[in-house]
Amino acid sequence: MGTCSYTKDGKGCSETAWSRCAEGKCVFHSSANGEDAAVAAGVWKTARLRAQSGPADFSGWHFPVDDSGFMGANFAAGVSFSGCVFSGDARFLNAQFNGDAVFDGAVFRGLARWGHIVFSGGLSARGTVWSGGLQSGGGRIAGKADFSSARFRGDAGWGGMHFAGRVIFDQAVFMRAAVFLGTVFDDDVSFGGAQFKQGAVFRDAEIGRLADFSGAVFHGPCNWAGVTLARGHDSLLNLVEHARP
Ligand SMILES: [Zn+2]
């Protein structure tokens, strides 16, 4: 048996290797943990328990398909999902994070259901891949939110999200719809070098300070109808001519 073969930044995993994992990983890190319903249910049971117990490290975990996921979960403290894979829809509806949350390099294979999600601290999602789209209506992020180099392969639905802190979408790629319908940005937001493959919708959004679009590329139209700009058109920095309101 021995311990799990997963390592991250030179640090190993202390869980016991799972006999059914060909790569010698534990049941939480094994990409085979969704093949057996009882095993999958056990992984989720442990995940939900750890989430509510204190700081939780889910780095590199493989989350199998589940009907409830982290719906309504209350994360007691800081949590890391870096390098995780959510193989089905990632259900975080009504989830509450009471500490900083890290999703760097995580992969969402299905739809990320983030409606009414609340982050009391910051959110880091650098290089995160959202393959199946994102829904985040009614959510709120209190601290800094960093989506540098994130890849949105499905529709990026940021409509109705309230960003209270600084937001960074530098070098992010929006392959499909980038929807910021009614999104509220209290602080600065940066889209430096971002690519909007199908344009963007900022309809009814509120830009409370500055939105910097240095090097951002729009391959489709940009909809600014009803947008509130705290500093008028001076709120929008370095935006290419054809994307301006
Ligand atoms: Zn492990």
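In the predicted model described here, Ala 200 touches Ala 178, Phe 180, Phe 218 and Cys 222, leaving aside residues up to four places away in sequence; two residues are in contact if their C-beta atoms, placed from the backbone, lie within 7 Å. Ala 200 is also, together with Ala 156, Ala 178 and Phe 180, one of the residues with the most contacts inside the largest nonpolar core, which has 74 residues. Such a core is a set of buried Ala, Val, Leu, Ile, Met, Phe, Trp, Tyr and Cys residues joined through C-beta atoms within 7 Å, and a residue is buried if 20 or more other C-beta atoms lie within 10 Å of its own, exposed if 12 or fewer, and partly exposed in between. Two or more residues are given to this core by each of α1 (37–53), β10 (101–102), β22 (167–168), β24 (178–179) and β28 (200–201). In soluble globular proteins, nonpolar side chains tend to be buried together.

Because this is a predicted model, local features need pLDDT of at least 70 and side-chain atom pairs count only at pLDDT 80 or more, whereas totals for chains, interfaces and linings use all residues. Residues are numbered from 1 along each chain as its sequence is written.

The secondary structure of the chain comes to one helix and 34 strands, where helices (H or I, at least four residues) and strands (E, at least two) are DSSP runs, numbered from the N terminus. The helix α1 has 17 residues and reaches 25 Å from its first C-alpha to its last, close to the expected 24 Å, the expected span being 1.5 Å times one less than the number of residues. Following α1 is Gly 54, whose phi is positive, near 155 degrees.

Among the strands, one open sheet of eight has the order β5-β9-β13-β17-β21-β25-β29-β33, with parallel pairing; two strands pair if DSSP finds at least two bridges between them. At the edges of this sheet stand β5 (74–75) and β33 (228–229), each with a single partner strand, so one side of each is left without a neighbour in the sheet. The pairing of β5 with β9 (residues 96–97) is parallel and runs over two bridges, and Phe 97 in β9 is the bridge partner of Phe 75. An open sheet of eight strands is also formed in the order β4-β7-β11-β15-β19-β23-β27-β31, with parallel pairing, and its edge strands, β4 (62–63) and β31 (217–218), each pair on one side only. Strand β27 (residues 195–196) is joined to β31 by two bridges, the two running parallel, and Gln 195 stands opposite Val 217 in β31.

Several loop residues were then examined. Asn 94, in the loop between β8 (90–91) and β9, has a phi near 65 degrees, a positive value in a residue other than glycine, and Asn 94 is partly exposed, with 18 other C-beta atoms within 10 Å. His 116, in the loop between β12 (112–113) and β13 (118–119), likewise is not a glycine and has a positive phi of about 60 degrees; 17 other C-beta atoms lie within 10 Å of His 116, which is therefore partly exposed.

Gly 220 is placed in the loop between β31 and β32 (222–223) and, with 15 C-beta neighbours inside 10 Å, counts as partly exposed. Although Gly 220 and Phe 196 are 24 residues apart in sequence, their C-alpha atoms are 7.3 Å apart in space, and the residues that Gly 220 touches, not counting those up to four places away in sequence, are Phe 196, Gln 198 and Gly 199. Arg 176, in the loop between β23 (173–174) and β24, is partly exposed, with 14 other C-beta atoms within 10 Å. From Arg 176 to Phe 152 there are 24 residues in sequence and 7.3 Å in space, C-alpha to C-alpha. His 242, in the segment after β34 (236–237), is exposed, with 8 other C-beta atoms within 10 Å.

For the chain of 245 residues, 42% of residues count as buried, and the C-alpha atoms fill a box of roughly 65 × 30 × 30 Å, taken along the principal axes. Among contacts between residues at least 6 apart in sequence, 19% join residues at least 24 apart.
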